[in-house]
Amino acid sequence: MLTTPATSRQKLSHHTPYLVLDETEPNGEGGQVETTTVFLTASPCPIGCRMCDLHRHTLPGPTPEGVVAEQIDAALAKRPRRGWLKLYNSGNFFDPQSIPVSDYEAIALRCEGFSRLVVENHPRFGAERLRRFRDRLPVQLEVAVGLETVQPRWLNRLAKQMTRDEFDRYARWLAGEGVDLRVFLILGVPGVTAREATRWARLSVRHALAASARHISLIPARIGEGWSGLGDQLPSLSMDVLGEIQRAVLRDADGRAAVTIDVWDIDRAERGFEDLCRRNLTQQPD
Ligand code: SF4
């Protein structure tokens, strides 16, 4: 089931999420798990990475108290509460402007029935708030962090406000707190060829594996509204290239982490790629 309650910033409402997706994803143990992803309508991310276009789906100011729980209720009203839940807020979950701290209790209550909650966060936000929220949760917490790429200088060029060392320290801290790590990587930056994009994707996956990521999600770079006008210099990654990358990173991971390629933005006509992904996944070591 796919719900798209809003299609442009003008139509956004703080009473409803801007998108809800029902998917299955690999559980990292050789199986699949039902997953509900709720894209919350919340305040803009203050980090402002250059390649990011998520601000299109945000409210002009801080998220009002109480509305996040309201949005989750709207998303889950007709859905079974089982499997995994992702609450993505086009920013950082532990940014109090985006997810008010006073809402933590109500959000935690709404995770009952699921077995895992995945949220996104940047290392700059809220160690103490993370602990406070985790302690209320009835489910395993997983934090997704955008490492993006280990290609030299690119974290700086993306204005990511995070170095590789800071990412590594945060990954170790999460592990010490009993929180699982998911890593987002972009596939391709402006000015590289498809071959170079593949090479850097593999090196980035290896870095994420060394940081004990439980799940690594590769996201083909979208032109979107980001990239400071350089979007037309992104490499063109054909379905064949994406399939090759997927096979290579699955070999590199060797079962130590679930590794997926995000196909949310790939045209429906090209959904043959999903079949290719499934075929590759059947070759993934358990
Ligand atoms: S930290 Fe994440 S949400 Fe914020 S601008 Fe960067 S990529 Fe976008």
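Helix α1, spanning residues 67-76, is mostly covered, with 7 of its 10 residues buried (under 20% relative accessible area, with exposed meaning over 50% and partly exposed in between, for a 1.4 Å probe and protein chains only). The model described here is a predicted one, in which local features need pLDDT of at least 70 and side-chain atom pairs count only at pLDDT 80 or more, while totals for chains, interfaces and linings use all residues. Residues are numbered from 1 along each chain as its sequence is written, and side-chain values use heavy atoms, with hydrogens and water left out.

To follow α1 in the structure, a reader can look for its buried residues: V67, V68, A69, Q71, I72, A75 and L76. These pack against strands β2 (19-26), β3 (32-39) and β4 (84-88), and also against helix α2 (104-109). Helices (H or I, at least four residues) and strands (E, at least two) are DSSP runs, numbered from the N terminus.

The chain as a whole contains 8 helices and 9 strands. Of its 286 residues, 53% count as buried. Its accessible surface comes to about 13100 Å², of which 47% belongs to carbon and sulfur atoms; such areas come from the Shrake-Rupley method with a 1.4 Å probe. Among contacts (heavy atoms within 4.5 Å) with a separation of 6 or more, 74% are between residues 24 or more positions apart.

A helix pair comes next. Helix α3 (residues 127-136) packs with helix α5 (residues 164-176) at an angle of about 25°, and their axes are 12 Å apart. This angle makes α3 roughly parallel to α5, a term for angles under 35 degrees. The axes are lines fitted to C-alpha atoms over the stretch in contact, and angles run from 0 to 180 degrees between N-to-C directions. On the α3 side, A127, L130 and R131 take part, meeting Y170, W173 and L174 of α5. The residues of this contact divide into 5 nonpolar, no polar and 1 charged (Ala, Val, Leu, Ile, Met, Phe, Trp, Tyr, Cys and Pro being nonpolar, Asp, Glu, Lys and Arg charged, and the others, Gly among them, polar).

A159 lies in the loop between α4 (154-157) and α5, and has a positive phi of about 55° although it is not a glycine. S212, in the loop between α6 (194-210) and β8 (215-220), is also a residue other than glycine with a positive phi, near 70°. S212 counts as exposed because its relative accessibility is 54%.

How values were computed. Parallel < 35°, antiparallel > 145°, perpendicular 65-115°, else oblique.
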